[in-house]
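Me: I am new to reading protein models. Could you walk me through this one, feature by feature?

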Amino acid sequence: MIYRSLSPLSCRKTKQHTLFRFQCIQETRKMPLNKLIQDGDNQDLTNERFKSTFDTDALAAVFHSGEDSLKRIREVRDEITKRGHLFDSLPAAHRTRAEKMEDVSRKLKNLMENVNEFADFTNNLDMLTIIRDVMGVEGFPLALHNLMFVPTIQNQADDEQTEWWLMDAIQGKIIGTYAQTELGHGTNLSAIETTATYDKSTEEFIIHTPTTTATKWWPGGLGTSCTHVILVANLIIDNKNYGLHPFFVPIRDRNSYSQMSGVRVGDIGTKMGVNCVDNGFLAFDNYRIPRRNMLMKHSKVSKEGVYTAPSHPKVGYTTMLYMRSEMIMHQSYYLAMAMVIAIRYSAVRRQGEIKPGTQEVQILDYQTQQYRLFPGLARCFAFVTAANTVRQMTESCIQELSHGKSDVLADLHALSCGLKAVVTHQSSTSIDQARQGCGGHGYSDASYLPTLYTCSVGACTYEGENMVMLLQLSKYLMKAAAKAEEGAVMAPLVAYLASSEPVVIGDKFEKLLSHFEHIARHRVMQAYRQMIEEEKQGIERDYAFANHSVDWTKAARAHTKLFIARGFVKKVQEVSHQEVHAVLTTLAELYLSYELIEMSSDLTANGYLSESQVQEIRHQIYDCMRKIRPNAVSIVDSFDFCDRELRSVLGRRDGHVYENLYKWAQMSPLNRKNLPHVEKYLKPMTSKL
C-alpha cells in the first residue's frame, strides 16, 4: 500500500489548525517505511511518520547492535505483555516512597518466579530489556546486585568461592550490594577507613568501623533489601596494612532479615531521584567472618597469614570498569527515551505562529526547538556506540586479566573515567533541555522527563564524581604528553599527541575529526607545558598539576570527545543500508559540528581557523537540522521503546496527549474526597469567614 496526503483544500478544519488526512491507496508493491503507523493515531504524528525516508526497523537494528538483538528485545517484550502481574498498577508519581518500594518488590518477586519461562537471567540483553520495561529507571532492590555484586563474584572470587556463592546470587537466594563509599570518603579510596584484620588463631577477619566517618554510606539496596555485601576494606595482617581488598560479608539473616550481631545497617532516606533504590548505611563492631570470605582470585591470605599480591595492583578495578561501561549504556538509553518523549510531543504540540495571522505551528518547526533537541538526538547514537565499544574493551580486558595479562588496564581505566564524566554530564544536560523544550507539561511527572533527569544527573556523582574522574584521566594524559615530548612510542588512544598538524584534504568527516584532534592535542600539550614551566620555577609537580587542574579537565574532556567522535564516524561508515547510512551521516555531521562549536574558541586560537571557517561549521549545524526535521519522529521511533518503557503521557506512541494528561491527573491521590488537610485545617479556617 502507498499513502499520500491530500491537498489542504480537501482537509478538515479543526479549532486551531488544519490536519492533513491521508488517503490509503491499495498498492501491494510499497508499504510505509515507518512501522509504527496505526489507524486512530494523532494526525500530526501520523503525518510525520509518513515523511520517513528510511526503514525504521533497519535503523532500530543499528541502534540495538544488530537484527538478532532487536528481535530478542521484541521477543522478551512480547512475553512481558502476556504477564499483567508485572505491570504498574498506578503511576509511580502517585505513590509514596514506601509504596514505590513495595510495588517494585512485588514486581521483582513475580518476575523471579517466572523469568526462566521467557528470559535468560544471565543474559545482559534480556535483563536490561526486562528492567527497562518492568522496573523503569528509578531502580529496584536488585539494581546493584546485578550491576556490581554478581559481577564482582564472577571476576574476583576464586573457583571454589564461585561455586559457593554465584548461583545463589544469580537465583536471588541471596541479595547483595557493593559497599565501598564511606560517610567521610568516596573517590579518595586511599582514605577509606574500614578495616579487616586477620586473626591467625581463629582463621577469621575482624571487620570493624573505627570512626563515624568510616560508616559505609550510599550502597544501593543496603537500606532494607540486602542479605550480603561485597565489602571494600583495608586488609591488616600483623599490624601491616596491605590496602583495600573485597570481602564477602553476610549482614542480615536470610530467613528473618534481622541484622547480624555486630552489624548496624539501615536506609539513608530520600534523595533527589532514584528513590526505588534503598541506599543505606553500614557499620561493624568487631564483626568476624571466615578467612575464605576474602575474595581470593587475585590476592590471597593463607591460614598462616601469608599475603600473596595480585599480578597487577589495579586488578580490583574490574568491578568499577564493568559498572562504568554499563552506566554509559544506561545513560545512552535514558537520553534516547527523553528524545522520544520530547520529539513526539513537539510534533503533537502546536503553539504560536511564525507569521502573525497564520495557523499555529508544530513547535518542532521552530529552529530554536530543533537546536534544543537534535544535538541530543545525535548524541544518543554517539554515546550508544561508545558504550558498546567500551563494553567490548572491558570484557576483553577482564578476560585477559584472568590469564594474567594487564597490558590495557591503565588505558581502559583512564578512558572509562573520561567517558563516565562526559557522557553523564552531556546526557543529563540534553535530557534537561528536552524537559524545558516541553514547556509546563515537561515539568509534570506525567512526562517522565523529571524522573529521567534525576536518574541521569545522579550518575554525575555516583561511581566517581565527574571532576575527579576527569582529573584521573588527566594524570594519564600528563604521562602521555611527557612521552610525546620525548618522542617515545605512544599507545593508540593517545598517538595523536605526537602528530604534527595534518593537512586534511579528505572528506567532510576527516576534516571535522582533524579539528577534534587539534583541540585535544592543543589542550593536553598546553596544560602539560604550563605545568612544566612551573616545575622549572621550583614548584613541586603535584602542586603544579593542581595549579592547572581546570585546564587539565578541559583537556580530558577534549580527549574523550575525540574518542566518541572517532567511534561514531567509524560506526556510520560501517552501515551498508543506503537510506539508514544517509540519516546517520547527517546525525554524525550534526554531532561533530555541534561539539566543535561548543569548543569554538579553541578553533580560532593561534589562527588555526578563521572566523569565517568557524561560521561555516556553525551553518553546517543548521543545515543538518533542516535535513533531520522531516525524519525526526521516525528516528526516535527507531529507538523502539514501547509505551510501558517510556511511562510518559507526552511520549505516547499514538500521540493522544491531552486526553491522557487529563486521565493521568484524575489518578492523583489528592483528587479523593475528605482529604485530611482540607478537613482538619482548611475547612475550619474558611468556615469561620
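Predicted model: local features only at pLDDT ≥ 70, side-chain atom pairs only at ≥ 80, totals over all residues.

Me: What area is buried between domain 1 and domain 2?

Reply: Buried area is the accessible area (1.4 Å probe) that two parts lose on being put together, summed over both. Here the figure is about 1,100 Å², with 60% of it given by carbon and sulfur atoms. On the domain 1 side, R97, E138 and P141 supply 53% of the area buried against domain 2, more than any other three residues.

**Salt bridges**

Me: Which residue forms a salt bridge with R97?

Reply: Start with the general idea: side chains of opposite charge can pair when their charged atoms come close. The rule asks for a side-chain nitrogen of Lys or Arg within 4 Å of a carboxyl oxygen of Asp or Glu. R97 pairs with D267, and their closest N and O atoms are 2.9 Å apart. Across the interface of domain 1 and domain 2, the rule finds one salt bridge.

Me: How many salt bridges does the rule count altogether?

Reply: The count comes to 51. Among them is the pair D57 and R74, at 2.9 Å from N to O. This pair links distant parts of the chain, 17 residues apart: D57 is in helix 2 (residues 56–63) and R74 in helix 3 (residues 67–81). Helices (H or I, at least four residues) and strands (E, at least two) are DSSP runs, numbered from the N terminus.

**Annotated sites**

Me: Where does UniProt place the feature "binding site"?

Reply: UniProt positions are given in the numbering used here, feature names are shortened, and annotations may be inferred rather than shown by experiment. The unreviewed entry puts this feature at T181 and G220. Although spread over 40 residues of sequence, they cluster in space, with a largest C-alpha distance of 11.0 Å. T181 lies in the loop between strand 5 (176–179) and strand 6 (195–199).

Me: Which residue does the "active site" annotation cover?

Reply: In the unreviewed UniProt entry, that annotation covers E463. E463 is found in the loop between helix 12 (449–458) and helix 13 (466–486). Leaving aside neighbours within four places in sequence, E463 is in contact with M148, M320, M323, R324, M327, K420 and M469.

Terms used:
Residues numbered from 1 in each chain as written. Heavy atoms only, no water. Contact = heavy atoms within 4.5 Å.
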